Every structure is written in C-alpha cells, then in structure tokens.
Amino acid sequence: MRHFRLISILILISSLLLGACQTLASPDSEKPSVFVSIPPQKYFVERIAGKTVNVSIMVEPGAEPHTYEPKPAQMAALANADLYFSIGDSFEDTWLVRIIDTNPDLQIIDTAAGIEKRPLDIHMHEEEGEDHQEGLDPHIWLSPRLVKIQARTIYDALVELNPEEKVDYDINFVAFLRDINILETNLTTGFADVSQHRFMVYHPSWGYFADEYGLEQIAIEIGGTEPSPSELASIIEQAKSNDIHVIFAQPEFNSRFADTIAEQIDGEVLLISPLEENWMKNMDNLGNVLISGLSKE
Ligand code: ZN
C-alpha cells in the first residue's frame, strides 16, 4: 500500500516537472520565424497566418525605408528565420545578399512577383535639365488591387511552409480578400464624386493609389532630395494654378516644406504614414481624409 502511494507521488512529481518544462519552452519559439520588410506586410501575413507564425519587421516604425540598414541584432535573428517576404524595394538588394550568406536555408519570397510596376513619377522640373532617378515605383503596398496579388503570393508561401494549417489559411485568405474588396468599393464610390483630382505629397508614395482612383500626386521631394528655393517657388506656383489645398506629409520625413507650401497656398497639411502596421484601418482612414479634402468647393 505504501509502495503504491510512493509510485503515485513519483508519477505526480514527474508529470508536474514535465508540465513545467513545457511551459519553459515557450510555444512561440516553436513557431516558424517569418520576416517582412515593412509594417503593412506584417499585417498581410498575420491576416492569413493568424498566430501560427512569428512575424518580425525589418524596417522599424519611423525609419526611412528606402535607405534602411539592418541592425546587427536583426541580422543575427535572420540567421534562424524560415521565410523572408521581400517587397521589392531597392533597399533590400544591398543586404538580402548578405542575409543569404549567413542563412542559405532562408527562403526569400518576392511579394512583388506578378506585379507590373509603374515608373517613378517623372518630376515636373525635368525640363530644367536636372538629373533624375530612373526606375520603378516601389510603393506597391498602397494599392488595394495590388495587395490582393501580394496576399496570394504570401498565402501560397505560408501553405507551403505550414501545410497542416491550410484549412485555416484558406478561410483567412478568403476573408482578407473580401475585406479588401469592401475597401475598394468604398474608395471607388468615394472618389467618384470628388471635385479635385490632384493632391500634393512630400514623398511620392501614392502613385499606385492615385492611378487606381483617377487621382494625381504632385511630389515636393525631388529624387529623394529636398527642393531648392527656386524649385519650392515653382511648386507653390503649380499648387496655386492647380487649386491644390491638400498636402500629405508623412512622419518618416521632415514636413517643413509641406508646412511652408501650405502657408502659401492656404492649404492644410495632413500627416499620413504609408507604413502603418494596421494597413486596412490606415487605408480606410486615408481614403476618408483624402475624399473629404478633395471634395471641398
Ligand atoms: Zn517611399
């Protein structure tokens, strides 16, 4: 009898220990590790994967993405990552090579695959004979239509990574597409009635978005550099002649020039980041702000 009790106690202790060990090994560390370049991509991945993967963002909030340099700790974390969803921006080229060096097993998924990129907006001062950056517009995450293509690429890669979760991923993917369709309908309806189709931006992030809804962005920044005083004067003239009253600035860049122009044209500066993690909420908010800004008069 006493023997039996001793055994029961031993079983109890060992099961307690086992339980403790399982708690110590955090379940998170067993999930696949997925990296993305910018915060909205984390939203895209999590809309499909839910909490089944750990998502890390390379370009931290507030940082300027096009010239980002990863921190040593991020490079170390990437050594153990399973998947990297690139967005196809030039900043990735410089260090994706280094990442593959440290982690040859890392799978890099180009979420810009299947997307035809628009050329960067040719700046209005081109006739003055300045040098301009040639190339393609990297801001593909700001068009709902193009985000559906990116979501499909992400979905395919996640199913390949985690085939046992396919049923859930299917459900989440369909729900995500449905929500994007609702967003698109709202934006199309809202922009159908605006009286003004041009808006000014500091950094030209909104080209794909503008193309989608029959709008035109006029950029203050020229090829990644601040405008000179004469350029600034000419931008102000252009804003006046186009009757522009809405200027978008973003927290990642200095809004000094936007403020100066706004004073001159009796406009308002709206601070909107194209890099907010909650992409859906941000696009909805941006849409509402822009629709009301372009509807005045
Ligand atoms: Zn940008």
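A salt bridge here is a side-chain nitrogen of Lys or Arg within 4 Å of a carboxyl oxygen of Asp or Glu. The model is predicted, and by this rule the count comes to 12 salt bridges.

| Pair | N to O distance |
|---|---|
| Glu60 and Lys71 | 2.7 Å |
| Arg98 and Glu69 | 3.4 Å |
| Arg118 and Asp211 | 2.7 Å |

In the salt bridge of Glu60 with Lys71, the closest N and O atoms are 2.7 Å apart. Both residues sit in the loop between β2 (54-57) and α3 (72-78), so the pair ties together parts that are 11 residues apart in sequence. Glu60 is partly exposed at a relative accessible area of 33%, and Lys71 is partly exposed at 41%.

The side chains of Arg98 and Glu69 form a salt bridge at 3.4 Å, N to O. This pair links distant parts of the chain, 29 residues apart: Arg98 belongs to helix α4 (residues 90-102), and Glu69 to the loop between β2 and α3. Arg98 has 38% relative accessibility and counts as partly exposed.

Arg118 and Asp211 form a salt bridge whose closest N and O atoms are 2.7 Å apart. Because Arg118 lies in the loop between β4 (107-110) and α5 (144-161) and Asp211 in helix α7 (residues 207-212), the pair ties together parts that are 93 residues apart in sequence. Arg118 has a relative accessible area of 14% and is buried, whereas Asp211, with 47%, is partly exposed.

Salt bridges also link Arg47, Arg178 and Asp179 in a network.

Notes:
Residues are numbered from 1 along each chain as its sequence is written. This is a predicted model: local features need pLDDT of at least 70, side-chain atom pairs count only at pLDDT 80 or more; totals for chains, interfaces and linings use all residues. Side-chain values use heavy atoms; hydrogens and water are left out. Helices (H or I, at least four residues) and strands (E, at least two) are DSSP runs, numbered from the N terminus. Buried means under 20% relative accessible area, exposed over 50%, partly exposed in between (1.4 Å probe, protein chains only).
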